[in-house]
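Please look over the sequence and the model shown below. A short report on the fold and its contacts comes after it.

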Amino acid sequence: GTLGEDLDLEAGYAAAQLCALNALSVLNAETENLDHVTIVRLGGYVASASNFFEQAKVINGASNLMAEVLGDRGIHARLAVGAPSLPLGAAVELEVIAAMS
């Protein structure tokens with residue numbers, strides 16, 4: 001869907017949370033647990049109508065979840081960008097850069 005067209009801010013926030021959960025799931029599978037994972041940077045892309053300007057609030061869904069799950073290790077640098085469309089009709093797409101300690 002598209003934020004500001006057929007999806008509202010709350011739906012976008014939930015989509016960003018789901019993306020973050022998926023990213024954490026992949027990290028957990030690759031590292032066997034999240035105890036030594038730190039999120040360095042999160043890039044969030046939001047499918048947005050031309051009159052939607054709250055991309056940062058949408059990506060807060062992912063950022064807040066990372067901090068909730070990982071504590072201080074989930075606090076990261078961030079980018080939130082609007083796009084006219086995303087692959088497969090996704091509302092939100094995340095790019096996550098993580099480090100192991």
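## Basis

This is a predicted model, in which local features need pLDDT of at least 70 and side-chain atom pairs count only at pLDDT 80 or more, while totals for chains, interfaces and linings use all residues. Residues are numbered from 1 along each chain as its sequence is written, and side-chain values use heavy atoms, with hydrogens and water left out.

## Sheet

Helices (H or I, at least four residues) and strands (E, at least two) are DSSP runs, numbered from the N terminus. Three strands form an open sheet in the order β2-β1-β3, with mixed pairing; two strands pair if DSSP finds at least two bridges between them. β2 (77–83) and β3 are the edge strands, each with a single partner, so one side of each has no neighbour in the sheet. On average, neighbouring strands are turned by 15° against each other, direction ignored.

β1 and β2 run parallel and are joined by 7 bridges. Y45 stands opposite V81 in β2.

## Helices

Helix α1 covers residues 9–31, and its 23 residues should span 33 Å at 1.5 Å a residue, which agrees with the 33 Å between its end C-alpha atoms. The expected span is 1.5 Å times one less than the number of residues. Just after α1, E32 takes a positive phi of about 75°.

α1 lies across β1 and β3, at about 35° to β3. α2 packs on the sheet, touching β1, β2 and β3, and its direction makes about 160° with that of β1. Axes are lines fitted to C-alpha atoms, for helices over the stretch in contact, and angles run from 0 to 180 degrees between N-to-C directions.

T2 is found in the segment before α1 and is buried, with a relative accessible area of 15%. Not counting residues up to four places away in sequence, T2 touches L7, A47, S48 and A49.

## Salt bridges

The structure holds 2 salt bridges, each a side-chain nitrogen of Lys or Arg within 4 Å of a carboxyl oxygen of Asp or Glu. R41 and E95 meet at 3.1 Å, N to O. This pair links strand β1 to strand β3, 54 residues apart.

K57 pairs with E54, the closest N and O atoms being 3.4 Å apart. K57 is partly exposed at 43% relative accessible area, and E54 is partly exposed at 31%.

Terms used:
Contact means heavy atoms within 4.5 Å. Buried means under 20% relative accessible area, exposed over 50%, partly exposed in between (1.4 Å probe, protein chains only).
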